[in-house]
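Please look over the sequence and the model below before reading on.

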Amino acid sequence: MELNRRAGHQGTGPGVITPDGCAVELYSRLPVGAEPDIVAGAVSPGAHILELGCGVGRVTHPLLERGFTVTAVDESQEMLDRIRGARAVRSAIEDLDLGETFDVVMLASFLVHAGEVEVRRALLRACVRHLAAGGCVLIQREGEDWHTNVPRERVDPSGLTMRIVSAEPTGDGANSVHAEYEFPDATWTQTFVSRPLTKEQFEGALAEVGLQVDTYLTEDGTWARSSLAA
Ligand SMILES: C[S@@+](CC[C@H](N)C(=O)[O-])C[C@H]1O[C@@H](n2cnc3c(N)ncnc32)[C@H](O)[C@@H]1O
C-alpha cells in the first residue's frame with residue numbers, strides 16, 4: 001500500500017522508499033552501531049521494549065539477541081516485513097494506541113527532531129501513553145554540531161560512505177537536511193526536515209508531555225533516559 005509522503009521528506013535509490021524518505025534496502029544493509037549496548041546498559045534485563053520507528057530491525061534484532069522482548073512499530077509495512085522474532089505493529093507513531101504499557105519505550109533515530117512541533121508532541125505523547133508505572137523512555141537526539149558541521153562524511157568499514165551534504169533553513173527554525181549513502185554498487189539519498197533542539201529545548205519538549213530526563217547515557221548527550229516527572 002502506498003502511504004502519503006511526509007512533507008519535506010523524500011528519498012532516492014533502489015527499492016521501496018518510506019513516507020519519511022528512508023530506503024528499505026539501505027536500512028537492510030546499514031550496520032548496527034552502539035545502540036543495542038546503550039539500551040542494554042540503561043534498562044532492566046529482559047525488559048519489554050516498545051520500539052517506535054523500528055525500520056527493518058537493525059536495532060530490534062540485536063535487542064532480541066540480548067534477551068529483550070520487543071514490540072516493533074513502524075508505518076512502513078515493507079520495513080516491518082523484515083522484522084523477525086518480534087511482534088510487529090504497523091502504525092504511525094502519532095496514532096499508536098495499543099491499550100498496553102511497556103517497561104521501556106524507545107524513540108530513536110532522531111525522530112524527536114520532527115520538523116513540525118505538533119508532530120513532535122504527538123510522538124512524545126505516544127511514548128507517555130505506552131509507558132508503564134516506573135518505566136522509562138529512551139530517546140536518541142542529535143549531537144550539538146549536527147546542523148552546523150556540514151558538509152561532513154564518514155566512511156564505514158562495511159564500504160559505506162555516509163555524507164550529510166547540506167542543512168538548509170526552512171525558515172521556521174527547522175532545516176531541510178540532505179544525506180547520501182554510497183556503497184560500491186548502489187547509492188541512496190534522503191532529504192528530511194529536522195528541527196535542531198538545544199539541550200534546554202529538548203528538555204522543554206519532554207516537559208511539555210510530563211517527561212523529565214533522568215540521565216544522559218552517552219558522553220555526547222545523544223541518548224537520554226527519561227521518566228514521568230514526579
Ligand atoms: C531512519 S529510519 C530508522 C530505522 C531504525 N530505527 C534504525 O535505526 O535502523 C526511521 C524509521 O521510522 C519510520 N518512521 C518515521 N516516522 C514515523 C512515524 N511518525 N510513525 C511510524 N513510523 C515512522 C520510518 O518508516 C523508518 O522505518
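A residue is called buried if 20 or more other C-beta atoms lie within 10 Å of its own, exposed if 12 or fewer, and partly exposed in between. By that rule R163, with 17 C-beta neighbours inside 10 Å, counts as partly exposed. The model is a predicted one, and all that is said here should be read with this in mind.

R163 is found in strand β8, residues 161-169, and, leaving out residues up to four places away in sequence, R163 touches P151, E153, A179 and E180. From R163 to R58, which is 105 residues away along the chain, the C-alpha atoms are separated by 20 Å. One of the residues that R163 touches, E153, has its place in strand β7 and is exposed, because it has 11 other C-beta atoms within 10 Å. Apart from neighbours within four places in sequence, E153 is in contact with T161, M162 and R163, while A179, 26 residues from E153 in sequence, lies 9.5 Å from E153 in space, C-alpha to C-alpha. P151, another residue touched by R163, is found in the loop between β6 (131-140) and β7 (152-155), and the peptide bond that leads from V150 to P151 is cis, with omega near 0°.

What backbone feature do S109 and F110 have, although neither is a glycine? S109 has a positive phi of about 55°, and F110 has a positive phi of about 65°. S109 is found in the loop between β5 (102-107) and α5, and F110 is in the loop between β5 and α5 as well. S109 counts as partly exposed because 19 C-beta neighbours lie inside 10 Å, and F110 is partly exposed, with 19 other C-beta atoms within 10 Å.

Turning to the interior, in soluble globular proteins nonpolar side chains tend to be buried together. In this model the largest nonpolar core has 53 residues, and those with the most contacts inside it are I49, V104, V105, M106, L107 and V137. I49 touches L63, F68, V70, F102, V104 and M106, when residues up to four places away in sequence are not counted. The UniProt annotation "domain: Methyltransferase", which comes from an unreviewed entry, covers residues 49-135; the end C-alpha atoms of this span lie 10 Å apart, and the span is 26% helix and 29% strand.

The ligand has 19 residues around it, of which G53, G55, R58, E75 and I93 come nearest. By class, this shell has 9 nonpolar, 5 polar and 5 charged residues.

The last stop is helix α6, residues 199-208, whose buried residues are F202, A205 and L206. Seen down the axis of α6, these buried residues fall within an arc of 100°, so they line one face of the helix. An α-helix has 3.6 residues a turn, so residues three or four places apart point the same way. On the other side of α6, E200, Q201, G204 and E208 are exposed, whereas the buried residues of α6 pack against α5 (117-129), β11 (211-216) and β12 (223-228). After α6 comes G210, whose phi is positive, near 90°.

How values were computed:
Residues numbered from 1 in each chain as written. Predicted model: local features only at pLDDT ≥ 70, side-chain atom pairs only at ≥ 80, totals over all residues. Core = buried A, V, L, I, M, F, W, Y, C linked by C-beta atoms within 7 Å. Contact = placed C-beta atoms within 7 Å. Near = placed C-beta within 6 Å. Nonpolar A, V, L, I, M, F, W, Y, C, P; charged D, E, K, R; others polar. UniProt positions renumbered as here; feature names shortened; annotations may be inferred. Helix = DSSP H or I, 4+ residues; strand = E, 2+ residues; numbered from the N terminus. Arc of directions from axis to C-beta.
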